[in-house]
Amino acid sequence: MSRASRFFLWVIVLGLAFIAGLRFYRAYERRAAQEGFPPPSIASFGQAPIQIRPEPASSPVYRTWSGPGKEMYLEDIPLSMPQQKEQARQTIASILRDYGEHPKIQAFYADIRKATGREDLNLAILSEEGLPELLQQYPQLQQVIAAYAKDPEFAKLIQEIFSNPQFAHSVTVLQGESGQKG
């Protein structure tokens, strides 16, 4: 046999092996589909499997902001603890402003002010880190809170306020350090 004949014979054998392998694979796919096996969950690009892993940003993300005659880059950086507390106070105050005109809240504020003699007490101050000190300084405050907690309409209103995720997160931020100390 000549070299050319051997070469073409090997090409034919390899071609037949490839076709047979392809047919076996297609038969396997049909059988797997009939038996209800889910297809493999591999993302592919041009039949080549790829793995997608989101990479965390190693540096802050900068965004361009163009104002009149200026171009600035805004950076999202984490806030320091005093900045987080100030932001939490502003969030709580904003949420409580929405409920400030409710008659039950106004009655609660009036009873708290009557019991303590302080005009600055409200739910925002009661949500901050100084609550344990206020309860020690004004024991009658706890009685007022307990009396209002028994009122179903007031309890529903307080539950509505505390179910706001921003409010709950802000209270956690403000009372976080005092809860860790004790």
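Leaving aside its neighbours within four places in sequence, with which residues is S170 in contact? Contact here means heavy atoms within 4.5 Å. By that criterion, S170 touches A88, T91 and I92. Before I continue, please note that this is a predicted model, in which local features need pLDDT of at least 70 and side-chain atom pairs count only at pLDDT 80 or more, while totals for chains, interfaces and linings use all residues. Residues are numbered from 1 along each chain as its sequence is written, and side-chain values use heavy atoms, with hydrogens and water left out.

S170 belongs to helix α8, residues 165-181. Helices (H or I, at least four residues) and strands (E, at least two) are DSSP runs, numbered from the N terminus. Because its relative accessible area is 4%, S170 counts as buried; the term means under 20%, with exposed over 50% and partly exposed in between, for a 1.4 Å probe and protein chains only.

I turn now to a helix pair. Two packed helices are described by the angle between their axes and the distance between the axes. Helix α3 (residues 103-116) packs against helix α6 (residues 139-149) at about 160°, and their axes are 9 Å apart. The axes are lines fitted to C-alpha atoms over the stretch in contact, and angles run from 0 to 180 degrees between N-to-C directions. The two helices are therefore roughly antiparallel, a label for angles over 145 degrees. On the α3 side, the contact is made by K104, A107, F108, D111, I112, A115 and T116, and on the α6 side by Q140, L141, V144, I145 and Y148.

Two of these residues lead us to the aromatic side chains. F108 and Y148 form one aromatic cluster together with Y109 and F154. Within it, Y148 and F154 are an edge-to-face pair, 5.1 Å centre to centre with 65° between the planes. Rings of Phe, Tyr and Trp (its six-membered ring) pair if their centres lie within 6.5 Å, and planes over 60 degrees apart count as edge-to-face. Both Y148 and F154 are buried. In total, the structure holds 7 aromatic pairs.

Finally, the whole chain. The protein chain has 8 helices and 4 strands, in the order α-β-β-β-β-α-α-α-α-α-α-α from the N terminus. Of its 182 residues, 19% are buried.

Note on methods
Phe/Tyr/Trp six-rings, centres within 6.5 Å; stacked < 30°, edge-to-face > 60°. Parallel < 35°, antiparallel > 145°, perpendicular 65-115°, else oblique.
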